[in-house]
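This report sets out selected features of the structure shown below.

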Amino acid sequence: MAKLIRMDKTGHTTLAEWTLDDQGAVDVAVRAFREQLDAGYYAVVTRGEGHAEQVRELPLDAGTVILRRPIAGG
Amino acid sequence: MLRETAGVYWRPRVDERRLTLAGRTWTATTFAHTVPWLAMAAFLLYLEPLSFPLAIILIAHAWVIPELYAKRGANVLRQARRLGAGPERTALGLLGDLVGHDARELHGRTGLVPERGTLGVWLVGEMGAVLVRPGGRRVHCYCIRVAEPDLPSADRIAHLLLALREDEVGFATVANQAFSGAPWRLVRRLPARARPAVREVVQRARVHS
């Protein structure tokens, strides 16, 4: 089962879980994904060891999609 | 490409040449902050040995300024305020899923996560990261953080780690450079907890070269 999680002050929060054959769960995940991007989060998918990719559409085949906040020079 | 680079559009993207140039500039700056003071102290002593109190002040000046720069570099690996045990534990679980066994073990001991990149070996902390260049003779300390005050420490590291993995060059471009110099200068100014982590990534960078 794929997961959409957001890193936040609780550690992380699972916002949605879906499987490709459950269209209702997919719709909920896509909606949650869009809301988080609109709220300023960036979505990242890990792509093997040492690699990650930022995505702007929910990759339904990904295992875990992580939402992170922007970073800035301190 | 890291989206955050749009916020620093005026900065050229970091590359090998720019890193080398930045390192040389830091060395030249250290030289300029040290040698004139030492030369002045020696000259004073040559002119009048009784001027030694002033010479000592000049020598102290030559010593303090590079130390302050190194301390500024060490600050990028400092720890942020801790949240409650629950969020910290949850965040640690996610970070543990992102890294391998060796990195988990090093994080458990030092609170820092190593990450091999194309520019060298990185050591990622909560408030910044240190890049050890191939060969292990120079470190670049970068101050970079998440714009969210209430995050568990492992989530802070996970944020930086994911951004680093997305675009290493972009990560180094967005970050503010706090120090560059020999690893031993940095290690001396670090808390005891963080020193083994820097020594370990320096060792990895030697193998990496």
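## The largest pocket

Strand β1(B) contributes the most to the lining of the largest pocket, with 3 residues. Strands (E, at least two residues) and helices (H or I, at least four) are DSSP runs, numbered from the N terminus. The pocket holds about 520 Å³ of space. Of its 24 lining residues, the closest to the centre are E49(A), G50(A), E115(B), R116(B) and R165(B). Two or more residues each come from α3 (85-98), α4 (101-110), β1 (113-116), β2 (121-124), α5 (153-166) and α6 (168-174) of chain B. By class, the lining comprises 8 nonpolar, 7 polar and 9 charged residues; Ala, Val, Leu, Ile, Met, Phe, Trp, Tyr, Cys and Pro count as nonpolar, Asp, Glu, Lys and Arg as charged, and the others, Gly among them, as polar.

A pocket is an open set of points on a 1 Å grid over the protein atoms alone, where a 1.4 Å probe fits, with protein on both sides within 12 Å along at least five of seven lines; lining residues have an atom within 4 Å of a point. Grid points are joined across faces, edges and corners, and the volume is the space filled by probe spheres set on the points.

## Basis of the model

This is a predicted model, in which local features need pLDDT of at least 70 and side-chain atom pairs count only at pLDDT 80 or more, while totals for chains, interfaces and linings use all residues. Residues are numbered from 1 along each chain as its sequence is written, chains are lettered from A and ligands numbered from 1 in the order in which they are written, and side-chain values use heavy atoms, with hydrogens and water left out.

## Two loop residues of chain A

D8(A) is found in the loop between β1 (2-6) and β2 of chain A. D8(A) has a relative accessible area of 6% and is therefore buried (under 20%; exposed is over 50% and partly exposed in between, with a 1.4 Å probe and protein chains only). Its side chain forms polar contacts with the side chains of T10(A), at 2.6 Å, and T13(A), at 2.5 Å. A polar contact is a pair of N or O atoms within 3.5 Å; within protein, one must be able to donate a hydrogen and the other to accept it, and residues adjacent in sequence count only if both atoms are side-chain atoms. Leaving aside residues up to four places away in sequence, D8(A) touches T13(A), D150(B), L151(B), P152(B) and D155(B) (contact means heavy atoms within 4.5 Å).

T19(A) lies in the loop between β2 (13-18) and α1 (23-38) of chain A. T19(A) counts as partly exposed because its relative accessibility is 27%. The side chain of T19(A) makes a polar contact of 2.7 Å with that of D21(A).

## Aromatic pairs

Over all chains, the structure holds 5 aromatic pairs. Rings of Phe, Tyr and Trp (its six-membered ring) pair if their centres lie within 6.5 Å; planes under 30 degrees apart count as stacked, over 60 as edge-to-face and the rest as tilted. One of these pairs, W26(B) with F179(B), is edge-to-face, at 5.8 Å centre to centre and 70° between the planes. W26(B) lies in helix α1 (residues 16-47) and F179(B) in strand β5 (residues 176-181) of chain B, so the pair ties together parts that are 153 residues apart in sequence. W26(B), Y69(B) and F179(B) form one aromatic cluster.

## Chain B overall

Chain B has 8 helices and 5 strands. Of its 209 residues, 50% count as buried.
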